Amino acid sequence: MCGIVGIVGKSNVNTSLYDGLTILQHRGQDAAGIMTCHNGKLAQQKAVGLVKDVFRTRHMHRLVGNIGIGHVRYPTAGSSGPALAQPFYVNSPYGIALAHNGNLTNTQQLSEDLFKADLRHLNTDSDSELLLNVFAHELQQQGQLKPSAKDIFKAIEGVHKRVSGGYAAVAMIANYGIVAFRDPNGLRPLVYGVRETEKGREYMVASESVALNVLGYKLISDVAPGEGVYVTVDGELHTHQCADKPSLHPCIFEHVYFARPDSIMDGVSVYKARLRQGEKLAEKILRERPDNDIDVVIPIPDSSRVAGQSLAYDLGVKFREGLVKNRYIGRTFIMPGQQQRRKSVRQKLNTIDLEFRGKNVLLVDDSIVRGTTCKQIIEMARDAGAAKVYFASASPMVKFQHVYGIDMPSRQELVGHGRTVEEIRQEIGADWLVYQDLEDLVAASSEGNPDIPSFDCSVFDGEYITGDVNEDYLKKLEDRRSDHMKTTMEKALAESSNAMVGIQNDD
């Protein structure tokens with residue numbers, strides 16, 4: 001999962017891009033990058049690290065121009081490093097930079113086609129570079145010295161015909177403007193908005209509406225599934241449906257975990273959806289455990305806080321903040337490597353003992369993926385003196401990999417794969433465990449926008465909407481995403497870095 005932003009302004013957009021990426025930092029903490037355009041010349045800064053660490057004043061002085069795009073990266077296949085930071089760039093045609101959120105599912109075929117038929121070179125194993133080259137080739141096929149909106153939308157049509165998976169992308173064409181498009185199933189989120197300034201109208205594209213809100217842009221709309229949006233360098237807005245059979249099936253895990261609660265996605269308030277998740281969970285607990293002895297509900301910060309509040313209210317018990325978060329530690333779910341995740345849980349959270357001592361505590365989390373975090377937190381609760389520790393997941397059991405842009409590990413690393421609720425309860429050490437029912441989770445989101453036909457729930461039910469995900473694909477994905485593979489890659493990168501240091505010292 002990544003965060004993307006693009007702006008067409010009337011003055012330098014560098015600081016606005018920086019602010020937008022900072023707002024979207026929760027979507028990716030591996031790397032960050034910005035590229036701008038001024039008088040046909042492109043300027044770029046990207047590196048591994050958080051937004052605040054990647055950009056310095058000297059970089060901002062160089063990143064001039066009234067159009068630009070930005071990206072915060074979260075690696076979906078275990079790969080990490082400076083070469084994979086975005087945006088990516090190709091010089092033909094016109095000079096195009098692209099930033100991408102999602103994951104393509106037909107990368108092997110695309111790679112072969114780009115090399116053998118399109119005669120294009122790929123420098124990394126990133127599917128974002130693939131997407132950029134497919135778009136660039138399709139635009140070049142239009143054969144125009146100066147691309148029109150029609151040419152650009154025709155190129156996006158070509159992308160949709162060739163590419164499969166989940167993707168939301170923003171591209172910058174040097175001298176011409178910003179392009180944004182979303183996959184025909186609307187799996188990954190993308191919105192655009194406008195603001196009026198003394199110099200004229202400015203447009204912004206972003207992964208979440210909260211980035212628009214904070215920067216003073218008024219939300220126009222979500223980019224529809226399959227739709228293309230083109231804003232010229234002069235501020236002219238063009239939109240066009242570029243897919244043959246678009247249908248909205250957004251990823252429901254955005255509402256569970258990834259998105260900020262103050263975002264609106266496809267007409268659904270993430271905050272309201274999480275409130276309803278808590279209400280549905282309370283109904284299940286009251287139905288299955290009417291004589292429960294819960295004294296207090298304590299959320300595992302931050303994404304479960306909203307659901308925890310409504311859960312406690314409907315159960316008629318106290319809601320307390322018993323876990324204090326160190327906000328300078330990244331989100332453990334998106335950290336590569338099991339050892340790093342284990343270490344980070346203890347660094348990230350600390351208990352307020354008086355909220356646990358002698359009480360029957362119901363801990364609430366948004367989901368249980370590997371079981372690493374909740375197991376350690378349950379141990380912390382017992383160390384703090386809790387009499388009993390119960391655990392509630394605001395989402396159903398995660399059983400399957402996510403192939404459309406979220407780094408769910410191999411199935412063997414998912415605590416919910418092949419286990420019963422009772423077996424998971426024993427594994428994490430809770431006195432009892434309750435999961436949200438899938439139909440209740442879907443209902444919690446659907447109530448926000450009944451016009452959404454269905455949600456992508458593949459991590460819960462194993463149903464992949466693109467139709468090209470089979471057992472062979474999942475096995476190859478497991479090999480790339482497993483903690484063993486990530487550890488091997490991390491060692492290789494470290495050895496490579498040490499070797500380079502040795503060469504430099506010899507020189």
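Y257 is buried, and so is F258, where buried means under 20% relative accessible area, exposed means over 50% and partly exposed lies in between (1.4 Å probe, protein chains only). This is a predicted model, in which local features need pLDDT of at least 70 and side-chain atom pairs count only at pLDDT 80 or more, while totals for chains, interfaces and linings use all residues. Residues are numbered from 1 along each chain as its sequence is written, and side-chain values use heavy atoms, with hydrogens and water left out. Helices (H or I, at least four residues) and strands (E, at least two) are DSSP runs numbered from the N terminus.

**Aromatic pairs**

- Across the whole structure, a search finds 10 aromatic pairs; rings of Phe, Tyr and Trp (its six-membered ring) pair if their centres lie within 6.5 Å, and planes under 30 degrees apart count as stacked, over 60 as edge-to-face and the rest as tilted.
- Y257 and F258 make an edge-to-face pair, because their ring centres are 5.0 Å apart and their planes stand at 90 degrees.
- Y390 and W432 are stacked, because their ring centres are 4.5 Å apart and their planes lie at 20 degrees.
- One aromatic cluster is formed by Y74, F253, Y257, F258 and F460.

**Nonpolar cores**

- The largest nonpolar core has 30 residues, of which I96, L131, F135, V179 and F181 touch the most other members; such a core is a set of buried Ala, Val, Leu, Ile, Met, Phe, Trp, Tyr and Cys residues joined through side-chain atoms within 4.5 Å.
- At least two residues of this core come from each of β5 (88–90), β6 (96–104), α4 (107–116), α5 (127–140), α6 (149–162), β7 (165–173) and β8 (177–182).
- Helix α5 gives the largest share of this core, seven residues.
- Setting aside residues up to four places away in sequence, F135 touches I96, I152, A155, I156, V159, A171, V179 and F181, where contact means heavy atoms within 4.5 Å.
- Another core, of 26 residues, lies apart from the largest one and has I298, C374, A384 and I424 among its members.
- As background, nonpolar side chains in soluble globular proteins tend to be buried together.

**A parallel sheet and its helices**

- Five strands form an open sheet in the order β17-β16-β20-β21-β22, with parallel pairing; two strands pair if DSSP finds at least two bridges between them.
- β17 (318–319) and β22 are the edge strands, each pairing on one side only.
- Strand β16 (residues 296–299) runs parallel to β17 and is joined to β17 by two bridges.
- V296 has K318 as its bridge partner in β17.
- Helix α9 (residues 270–288) packs on the sheet, touching β20 (360–365), β21 and β22, and its direction makes about 130 degrees with that of β22; axes are lines fitted to C-alpha atoms, for helices over the stretch in contact, and angles run from 0 to 180 degrees between N-to-C directions.
- Helix α12 (residues 372–383) also packs on the sheet, touching β20 and β21, and its direction makes about 150 degrees with that of β21.

**Backbone details worth a look**

- Q86 and P87 are joined by a cis peptide bond with omega of about 10 degrees, and P87 sits in the loop between β4 (67–73) and β5.
- S92 and P93 are joined by a cis peptide bond with omega of about 0 degrees, and P93 is in the loop between β5 and β6.
- Y94 is found in the loop between β5 and β6; its phi is near 70 degrees, a positive value in a residue other than glycine, and Y94 counts as partly exposed at 24% relative accessibility.
- L119, in the loop between α4 and α5, has phi near 60 degrees, a positive value in a residue other than glycine, and counts as exposed at 69% relative accessibility.

**Around H240**

- H240 belongs to strand β13 (residues 237–241) and is partly exposed, with a relative accessible area of 36%.
- Beyond its neighbours within four places in sequence, H240 is in contact with F153, E157, G226, E227 and G228.
- The C-alpha atoms of H240 and Y230 are separated by 8.7 Å, and the two residues are 10 residues apart along the chain.
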